[in-house]
Amino acid sequence: MSKLIVSLSPHVHSGDSVQKNMGWVIVALAPALICSFISFGVGAIITTAISVAACVFFEWAINKFMLKNPKCTVCDGSAVLTGILLAFNMPSNIQPWIVIVGALFAIGIVKMTFGGLGCNLFNPALAGRAFLLISFPVEMTTWPKPGQGFGAYLDAETGATPLSIMKEAFKSGDASVLEKLPSFQDMMFGNTGGCIGEVCAAALILGFIILLVKKVITWHIPVSIIVTVAFLSLVLDNHTGILSNANPVFTNPLTEVLSGGLLLGAIFMATDYVTSPMSKKGQLVYGVAIGFLTVIIRTFGAYPEGMSFAILIMNAFVPLINNKFKPKRFGEVPAKK
């Protein structure tokens, strides 16, 4: 009979670290950043650079001058990643000062107020986006059209996103509005309007594969979100006709999956270690709930997009999910019934 042997340190190290995992997430986001530059030009790079610089500066300044913390936490890469994800949730033509305000809220209020990395209840980048969306709704929902040249920035021509087109069709009950939707090819390769990091589905899927191969994340949360959204979209797509006796409006569930921030949120933000459940069963419950809330908000809410709010809502329920679905302790023997 084998026994659990407890020994003194040093122990074998798995090779994982905060810096290493953050680095791989940034690498996985690189294809989406490249595609955003091709789609939106220099505005995508400027917005991302300002966001990263502001997040790093605010974390450094708060640590040094307010918390008097001698440890340089900016070196763990979390502030850089927060800056990239915050920028990826904004339009490329947004004013620089608004980006800085969002970074201050994300780092100063949502992250550092709770104690820094590992202590925050909500995803800082998503909370920053939600704050900006409520505070500056016009600026945060003015979407530049892709393909206007690398120099297009603040004066870029704007247009509708796939989600806003679908929302218009649902409200009016006019299925002909859906003819404005971009093709699947356009949504896969970034030829559509939207936030910086959400428009190129192929780049996000490539990033997902990188994270899975490097074992930075598991499939449970992203797949459960995507499957739930696809299934519920299929069920609720003709809700207009069901609820109001108007002409039913039907869109392909694949359009719902490829539109908006679903893939970006499911792969890179809902999987955040700090704000997601620890156990596999808890992650599945968490993912299904996010997918459900996303479809409900998209379908019946005021905003065309619901992914950010769905993740933030479920962030608040993570302690309860962890309490219900506790991971098995190392060496634990199941009790005999």
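Before you click on anything, one cut-off: a residue is buried when its relative accessible area is under 20%, exposed when it is over 50%, and partly exposed in between (1.4 Å probe, protein chains only). What you have open is a predicted model, where local features need pLDDT of at least 70, side-chain atom pairs count only at pLDDT 80 or more, and totals for chains, interfaces and linings use all residues. Residues are numbered from 1 along each chain as its sequence is written, and side-chain values use heavy atoms, leaving out hydrogens and water.

**Stop 1: Arg298 and its partners**

Select Arg298 and Glu256; both are buried. Their side chains form a salt bridge at 3.1 Å, N to O (the term means a side-chain nitrogen of Lys or Arg within 4 Å of a carboxyl oxygen of Asp or Glu). Arg298 sits in helix H14 (residues 280-300) and Glu256 in helix H12 (residues 253-258), so this pair ties together parts 42 residues apart in sequence. Helices here are DSSP runs (H or I, at least four residues), numbered from the N terminus.

Glu305 counts as buried at 13% relative accessibility, and Arg298 has a relative accessible area of 5%. With Glu256, Arg298 and Glu305 all shown, you're looking at a network of salt bridges.

**Stop 2: Glu59 and Lys111**

How many salt bridges does a search of the whole structure find? The count is 3. For another one, pick Glu59 and Lys111, whose closest N and O atoms are 2.7 Å apart. Glu59 belongs to helix H2 (residues 42-66) and Lys111 to helix H4 (residues 96-111), so the bridge ties together parts 52 residues apart in sequence. Check the accessibility too: Glu59 is buried at 1%, and Lys111 is buried at 2%.

**Stop 3: H1 against H3**

Next, show helix H1 (residues 18-40) with helix H3 (residues 78-88): they pack at about 25°, axes 10 Å apart. The axes are lines fitted to C-alpha atoms over the stretch in contact, with angles from 0 to 180 degrees between N-to-C directions. That angle makes H1 roughly parallel to H3, a label for angles under 35 degrees.

On the H1 side, Met22, Val25, Ile26, Leu29, Ala32 and Leu33 meet Ser78, Val80, Leu81, Ile84, Leu85 and Phe88 of H3. Colour by class and this contact shows 11 nonpolar, 1 polar and no charged residues; Ala, Val, Leu, Ile, Met, Phe, Trp, Tyr, Cys and Pro count as nonpolar, Asp, Glu, Lys and Arg as charged, and the others, Gly among them, as polar.

Key. Helix = DSSP H or I, 4+ residues; strand = E, 2+ residues; numbered from the N terminus. Parallel < 35°, antiparallel > 145°, perpendicular 65-115°, else oblique. Contact = heavy atoms within 4.5 Å.
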